[in-house]
Amino acid sequence: MITVTSPLLPDFEEFTALAREIWSSRRLTNQGEFHKRFEEALCRYLDVPYISIFTNGTIPLLASLKALEITGEVITTPYSFVATSHALKWCGLTPVFADADPRTGNLDPQSVERLISDKTTAILPVHVYGNPCDTEAIKRIAEHHGLKVIYDAAHAFGVRRSGRSILSEGDLSTLSFHATKVFNTLEGGAVVCPTAAMKHKLDNLKNFGIRGELCVEEVGINGKMDELRAAFGLLNLRCVDAAIAARKERSELYRRLLGNASRVAFTERDTATEHNYSHFPVLFSDREERDRVYGLLLDHGYHARRYFYPLITDSAPYDTCRGADATPNARHISDRVLCLPLYHDLQLKDIEKICTLINNC
């Protein structure tokens, strides 16, 4: 079975060498030396001022909402993984669902503006498949209405637009380092933040709100990344550029081989953006055709993914939320999308077979 993705792994011998250092130090967690080195390396690689790393990709969303003291309603997208909206619910917030841009799948700024009420305090957009949102339009709306903006940038590791990291947009941006992502630490995540004061607050929140031995400043959570995963991440930083280049080569091959298929379309990509090629989504004419292709690929040993289908608003916790029944563009994309297998060491011959199956179908 060829899966939709496969994890980037550092050299095993190099990892065991770092593991021996950790064993010798007997410091396994609580923001040790590797934790510090990994944060510093990430800031350099991503070209961001401050970053706080976490044990997974969901707690950064929770911590960001707490750090910015978000209350009431938050406008977000139904076209995402459920973790985006779950974070709002866990923090006692009310998600309000705006529609998607039909070209990209990202949050549509015009739809956002129509949903703002006196209870709205923030916007939570997603850089879908790592393709940047219309950050300028979202910024104008947020500033006009006095709203905070937290970007779910789980797919956007290393993405730059016009030479600038997309992670610098908004008040905060959150990352996931899950094994399925372009860059991973097995499990992990981070918050990119603009100031030392905000990093201090996030570091405090991920350590139960404790500072020093005796002082509990606020109600926090245990979100710290351990030393082994920080070491794993340090090594993967050496590999990720080559992995992204390989993903680009495979994405371009898909585009060449499927470009003449009249019933296959691609989501729009921002030409000013340096992409990380985290996914390769294609759009079919309707759900029936998409599901037929999905089944055909599965029968031949290729596991694509209908990502994101169904919409978040089709699940019970969210089907009665405001905006849930008024997102036709998001539904149209969700019913037609199929993410094809894409990872750094996917064989080119498998891409050719996948495209032949789709074209023949």
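## Cavities

H8 and strand S14 (280-283) each supply at least two residues of the lining of the largest cavity. This is a predicted model. A search of the whole structure finds two cavities of 30 Å³ or more. The largest has a volume of about 190 Å³. Its lining holds 16 residues, and Tyr129, Thr267, Arg269, His279 and Pro281 are the closest to its centre. By type, that lining divides into five nonpolar, nine polar and two charged residues.

The second largest cavity holds about 50 Å³ of space. Among the residues that line this second cavity are Ala154, His155, Phe157, Ser176 and His279. Its lining divides into four nonpolar, six polar and one charged.

## Largest pocket

The largest pocket contains about 550 Å³ of space. It is lined by 32 residues, with Phe81, Ser176, Thr180, Lys181 and Tyr307 the closest to its centre. Helix H4 (83-90), strand S8 (172-176) and strand S15 (337-340) are the elements that give two or more residues to this lining. S8 gives the most, with three residues. The pocket lining counts 13 nonpolar, 15 polar and four charged residues.

Ser176, Thr180 and Lys181 are also found in the lining of the second largest cavity.

## Nonpolar cores

In soluble globular proteins, nonpolar side chains tend to be buried together. Here the largest nonpolar core has 36 residues. Phe38, Leu42, Phe157, Leu175 and Phe177 touch the most other members. The elements giving two or more residues to this core are helix H1 (12-25), helix H2 (33-46), strand S1 (50-54), strand S9 (189-193) and helix H8 (227-258). H8 provides the largest share, nine residues.

## Thr185 in the S8-S9 loop

Thr185 sits in the loop between S8 and S9. Is Thr185 buried or exposed? Thr185 is buried, because its relative accessible area is 0%. A polar atom of its side chain lies 2.8 Å from the backbone oxygen of Glu187.

Beyond its neighbours within four places in sequence, Thr185 is in contact with Phe38, Phe177, Met225, Arg229, Phe232 and Gly233. Phe38 and Phe177 are members of the largest nonpolar core.

## Helix H7

Which residues of helix H7 (residues 196-205) are buried? They are Met198, Lys199, Leu202, Asp203, Asn204 and Leu205. These buried residues pack against H2, S1, helix H3 (59-67), S8, S9 and strand S10 (210-211).

Conventions: Residues numbered from 1 in each chain as written. Predicted model: local features only at pLDDT ≥ 70, side-chain atom pairs only at ≥ 80, totals over all residues. Heavy atoms only, no water. 1 Å grid on protein atoms, 1.4 Å probe; cavity = no way out; pocket = protein on both sides within 12 Å on 5 of 7 lines; lining within 4 Å. Points joined across faces, edges and corners; volume = space filled by probe spheres on them. Helix = DSSP H or I, 4+ residues; strand = E, 2+ residues; numbered from the N terminus. Nonpolar A, V, L, I, M, F, W, Y, C, P; charged D, E, K, R; others polar. Core = buried A, V, L, I, M, F, W, Y, C linked by side-chain atoms within 4.5 Å. Buried < 20%, exposed > 50% of the residue type's maximum accessible area, 1.4 Å probe, protein only. Polar contact = N/O pair within 3.5 Å; in protein donor to acceptor, adjacent residues only side chain to side chain. Contact = heavy atoms within 4.5 Å.
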